[in-house]
Amino acid sequence: MPEVSDKIREAARSLLRQHKVDLVVGFERGSIPLRSTPCFVRREEDVDRLIWDSFCENNLAKYLVKRAERVAIVGKGCDVRAVVELIKENQISREQLFIIGVPCQGMVDRRRVEAKLDGREILEVSETDGELELKGDGFSEIVSREEFLYPCCKTCTHRNPVISDVLVADAAAELDSDSHLDVAEFEARSAGERWEYLSREFSKCIRCYACRNACPLCYCQECFVDNSRPQWVGKSTDASDVAVFHIMRAFHLAGRCVDCGACERACPMGVDIRKLNRKLVKDVKARFDYETGLSLDQVAPLSTFRPDDPEEFMLDP
Amino acid sequence: MRAKIIRKEDIAGLLESLMEEYEVFAPVKRDGLVLFERISSASEVFLDYQNSLMPPKQLTFPQTETLFGYSSAKGEVKIEVPHREEKPQLIFGIRPCDASSFVVLDRVFDGEDYKDTYYLERREKTITVSMGCVKPRSTCFCSSVAGGPFSTEGSDLLLIDIGDKYIAQIVSDKGAQLLEKRRFRDATEDELASAATVVKAAEASVGPGVEMDGLKDKLDSSFDDPIWHQLTEKCLSCGICTFLCPTCHCFDIVDEAVDSNGERIRIWDSCQFPLFTLQASGLNPRPTVKERFRQRMMHKFSYFLDKYSRVGCVGCGRCITECPVNLDLRQVLNSVSRLEGVK
């Protein structure tokens, strides 16, 4: 996507030249195939480092929390939804922020691409018109980009940034709605089956907290798992403590999670972290008709109270 | 080189016989992830891998370890030492980098001034049958840190794949004893020559990695250089690099108790966590990612050298492949190496 990269650079260059921002947060080429990496540009001469491709998977809103500088962010749909929530939660002000919006075509799941090659190491990747060419020692394969999109990109309904100051590509085609079929399937299981599934997933967790630290909305100055006075949760990999961490984190993100999937992409152990988050996304939508990060004016359902809020769960657990 | 020949079709039989004597741990592929697990059948073993996602470090230094249990009733305190597995353990298919990580960990846990009985008990009953790397990954940099795809450090036996058979290079007495009891023939001159060719090709394919010449001096003199902020700005401060590292060994000790009955446990800790250096006064001498990431580099490539005369890194590259923001240690160290105006 060289033309998108060019437009990002153009926007960044002009912002820095005119001293409209102090910093541009975007992506640059990664050090290994299938990776692009967050990049912080403060000088005009560094602008050409900025790129855009199918591997800009991190949610850059993470880097905006409590920043003092005037900052431009290269934001895809989910990054900008997280930005909207961060503005509403007073973590950054709209005035100090310039959004270089990127209508997103979805990001490629590097681990699934690697799995397809069955142990053969990819040494070089090039990208053209919806296809990826993967090269390694004695092989070259072409795969379709679409086939390897991250699960969250496949169900994404807001690929186009909901707010922006400049857009660097034509609008992306949007899905009408996220059917949450995966959640419905999960809900249909018995409580025992659901618990068994979650317990098995949590058992893979090594408590590295990459999920929490990659999440743009997990910005508590002191996370409840780190609190030592009092200590709410045990520190070991004991199954109940690990479960408490994941369940509490999911609840704390109710109505705040934009389902960007940053948690799952960061997880080295392949834990199905989004299962709980997506259940809550679906419930918040059903109960409060609220989709996170779509508008600066809509009040987040869990930060307000209305007498007609649904509350049957209080009576019928 | 003392070496025996093990035909590939004999590996399953060998593993089955080893299982009678040892708890055997080997790479197993589950849900797409390759991890070291205790096997109960040779058919579980997955050898077509470049390296496991996690090193088998937990076999000598578990992530959670009960040091002792305690209870108190009517003024009487009882201490209970947990029961330990008696059977020796064998790690089959460990990569040479991970095998040498045990030697790094030995420096810490089996040092002159401190002997860690919990670690040592496990370490002493561990035997390692390593699998040399015919195809190192592009992120491997073992050769930069005094290792290599067929380095024997930390191994008892080292297997070299020469096609339809393995050359089993005998590295230690433990390894020799293991093979002595089993009837394998000696390797011929021709077979040793094939092994040498495989080793040479693999060694040549390891990337340039980290420029070690003068790195320590640069690290020591660039502690306050603004480059550390630039290099680490994207770090998320998660624990992946340390928890997936075969040589990281920092731990915390906590009590898990209800009233006065509980356990004192040791858990892995990570210098990347803000809590790691938070003091009771509220002061945190490493308050941001800059200080924390720098510490990780300094510990491995400067302080460890000062204390133990070797670097505390074996070049496995896991911190490179698994970092969620692709913060590449090679780039960080090489940027420091290339700093000008710093000694």
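Predicted model: local features only at pLDDT ≥ 70, side-chain atom pairs only at ≥ 80, totals over all residues.

Reader: Which residues touch the most other members of the largest nonpolar core?

Author: A nonpolar core is a set of buried Ala, Val, Leu, Ile, Met, Phe, Trp, Tyr and Cys residues joined through side-chain atoms within 4.5 Å. Buried means under 20% relative accessible area, exposed over 50%, and partly exposed in between, with a 1.4 Å probe and protein chains only. Here the largest core has 150 residues, and those touching the most other members are Ile8(A), Val24(A), Trp52(A), Leu97(A), Ile100(A) and Phe301(B). Apart from that core lies another, of 27 residues, including Tyr22(B) and Tyr166(B).

Reader: With what is Val24(A) in contact?

Author: Contact means heavy atoms within 4.5 Å. Once neighbours within four places in sequence are left aside, the contacts of Val24(A) include Leu16(A), Phe40(A), Leu50(A) and Ile100(A).

Reader: How many salt bridges are there over all chains?

Author: Side chains of opposite charge can pair when their charged atoms come close. The rule requires a side-chain nitrogen of Lys or Arg within 4 Å of a carboxyl oxygen of Asp or Glu. By this rule, the count over all chains is 59. One of them joins Asp109(A) to Arg112(A), at 3.3 Å from N to O.

Reader: Is Asp109(A) buried or exposed?

Author: Asp109(A) has a relative accessible area of 9%, and therefore counts as buried. Arg112(A), at 31%, is partly exposed.

Reader: Where do the partners Asp178(A) and Arg278(A) lie?

Author: Their closest N and O atoms are 2.9 Å apart, in a salt bridge. Asp178(A) lies in the loop between β9 (166-167) and α5 (181-187) of chain A, and Arg278(A) in helix α10 (residues 274-288), 100 residues apart. Helices (H or I, at least four residues) and strands (E, at least two) are DSSP runs, numbered from the N terminus. Both Asp178(A) and Arg278(A) are buried.

Reader: Why does Gln295(B) count as buried?

Author: Gln295(B) counts as buried because its relative accessibility is 14%. Gln295(B) is placed in helix α9 (residues 289-308) of chain B.

Methods:
Residues numbered from 1 in each chain as written. Chains lettered and ligands numbered in written order. Heavy atoms only, no water.
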